[in-house]
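Work through the exercises below with the structure open. Each task is followed by its solution.

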Amino acid sequence: RDGAAWLTEWLVLPQICLGLARALAVAERMVPGLVPQPDAMARGLDPDGLSLTHAEALSFALATLMPRPEAQAEVKALCLQAMKDGTPLSDLAARRWPDAGLGPVFDAATQMGTAPDEARAFAAAARALPDPG
């Protein structure tokens, strides 16, 4: 980088650090009061009730039954139909492939992979850190 950019960065760095320090102080007070609300979180993931957030998971599930490009095309067509007539993707998929056992695809709890275990491990590691205060 040229010297002008370097000088400008150093001019704003103190303000950036002060802003970060304030954000961390606010977060430190807020975090203990945070309580997960699973129902509200689920509504946030699917505000229109069409289950479209599960389209990718559906295409992966269908790829075990047909070639992947065909599965993706099928899911795309179902998504367009869901948006057009307001029928949830989960209902359309159940009608189209009644014996495929696709119910778990539309259950967010089964779609989290290793995230819950990783979050628990992170929280445990954070609790094990020495208190900086």
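**Exercise 1: A salt bridge within a helix**

At 53% relative accessibility, Arg120 is exposed. The cut-offs are over 50% for exposed, under 20% for buried and partly exposed in between (1.4 Å probe, protein chains only). This is a predicted model, where local features need pLDDT of at least 70, side-chain atom pairs count only at pLDDT 80 or more, and totals for chains, interfaces and linings use all residues. Residues are numbered from 1 along each chain as its sequence is written, and side-chain values use heavy atoms, with hydrogens and water left out.

Task: find the salt-bridge partner of Arg120.

Solution. 
- Apply the criterion: a side-chain nitrogen of Lys or Arg within 4 Å of a carboxyl oxygen of Asp or Glu.

**Exercise 2: A salt bridge between helices**

Task: state which residue pairs with Arg96.

Solution. 
- The structure has 2 salt bridges.
- In one of them, Arg96 meets Glu74 at 3.0 Å, N to O.
- Arg96 belongs to α5 and Glu74 to α4, so the bridge ties together parts 22 residues apart in sequence.
- Arg96 is partly exposed, at 43%.

**Exercise 3: A loop residue**

Task: decide whether His54 is buried or exposed.

Solution. 
- Locate His54: the loop between α2 (38-45) and α3.
- Its relative accessible area is 12%, so His54 is buried.
- List contacts (heavy atoms within 4.5 Å). Beyond neighbours within four places in sequence, His54 touches Val105, Phe106, Ala108 and Gln111.

Definitions and conventions: Helix = DSSP H or I, 4+ residues; strand = E, 2+ residues; numbered from the N terminus.
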